[in-house]
Amino acid sequence: MDYRPQSAGLIAITVVMNIIWWMAMIAAIGLGATHMDDCPVQPNVPVYLIVLGASSLLSLLFTYCTSGFQDGAIHILSLACMTVLHIFSFAWLIAGSSWVYAVYPPDYSQTNRYCHKITYQFAFVVTTLLWVAMALMFVCGCCLGLVTCCTTVFAGRHLLPDRKSFYGATNFHEPTAGDV
């Protein structure tokens with residue numbers, strides 16, 4: 001594979017985003033484990049946070065393995081595990097969304113009936129941010145695909161010869177190669 005050097009700004013943004021995501025997922029595991037029995041209205045919310053955090057951290061580890069080993073069985077195994085893990089994480093996000101959004105809006109007046117306030121708010125914010133990030137990636141991917149498609153069609157009209165042109169001719173008034 002041909003690798004291009006990356007800019008320092010891109011590397012810095014990637015490192016900062018990775019550190020923030022590691023901290024958020026460790027917090028998700030900690031909040032879910034600490035308040036496992038503090039959510040009687042929907043007991044799956046703390047479990048959702050624990051599994052979301054663990055699967056995200058595992059996915060990051062497989063990403064590091066994939067980029068560290070470019071060839072061989074470890075690279076292929078990491079890619080396969082990442083694929084399965086991403087499919088599972090998407091399904092888990094759908095399940096967690098149904099658990100978190102089903103008990104919205106929260107009612108904290110009855111403290112023993114509802115979820116722990118910080119745990120529920122953290123689950124709500126993380127779930128919402130994940131959906132927003134996925135929607136943003138989908139829209140950006142569609143825009144990039146549209147631009148690529150339009151560029152290819154536009155460039156194709158100028159690159160393909162027609163009956164009046166010949167490769168090497170700069171304009172149609174010049175004689176083409178071979179004409180005397």
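Helix axes are lines fitted to C-alpha atoms over the stretch in contact, and angles run from 0 to 180 degrees between N-to-C directions. With that convention, α1 and α2 pack at an angle of about 150°, and their axes lie 7 Å apart. The structure is a predicted model in which local features need pLDDT of at least 70 and side-chain atom pairs count only at pLDDT 80 or more, while totals for chains, interfaces and linings use all residues. Residues are numbered from 1 along each chain as its sequence is written, and side-chain values use heavy atoms, with hydrogens and water left out.

The protein chain contains four helices and zero strands. Helices (H or I, at least four residues) and strands (E, at least two) are DSSP runs, numbered from the N terminus. Along the sequence the pattern is α-α-α-α. Of the 180 residues in the protein chain, 22% are buried. Buried means under 20% relative accessible area, exposed means over 50%, and partly exposed lies in between (1.4 Å probe, protein chains only). A contact is defined by heavy atoms within 4.5 Å. Among contacts in the protein chain with a separation of 6 or more, 61% come from residues 24 or more positions apart.

The crossing of α1 and α2 is left-handed. A crossing is left-handed if the near helix is turned anticlockwise from the far one by less than a right angle, and right-handed if clockwise. On the α1 side, the contact includes W21, W22, M25 and I26.

The crossing of α2 past α3 is left-handed. Residues of the α2 contact with α3 comprise 17 nonpolar, 10 polar and no charged. S78 is found in helix α3. S78 counts as buried, at 4% relative accessibility. Neighbours within four places in sequence aside, S78 is in contact with F62, C65 and T66.

The whole structure holds one disulfide. A disulfide is a pair of cysteine sulfur atoms within 2.5 Å. The bond joins C39 to C115, with an S to S distance of 1.6 Å. The pair links distant parts of the chain, 76 residues apart. C39 sits in the loop between α1 (8-34) and α2, and C115 in the loop between α3 and α4 (117-159). C39 is buried, with a relative accessible area of 5%. C115 is also buried, at 6% relative accessibility. C140 is in no disulfide, and the nearest cysteine sulfur, that of C143, is 6.4 Å away. C140 is partly exposed, at 46% relative accessibility. The sulfur of C150 is 5.9 Å from the closest cysteine sulfur, in C149, which is too far for a bond. C150 counts as partly exposed, at 46% relative accessibility.

How values were computed: Ala, Val, Leu, Ile, Met, Phe, Trp, Tyr, Cys and Pro count as nonpolar, Asp, Glu, Lys and Arg as charged, and the others, Gly among them, as polar.
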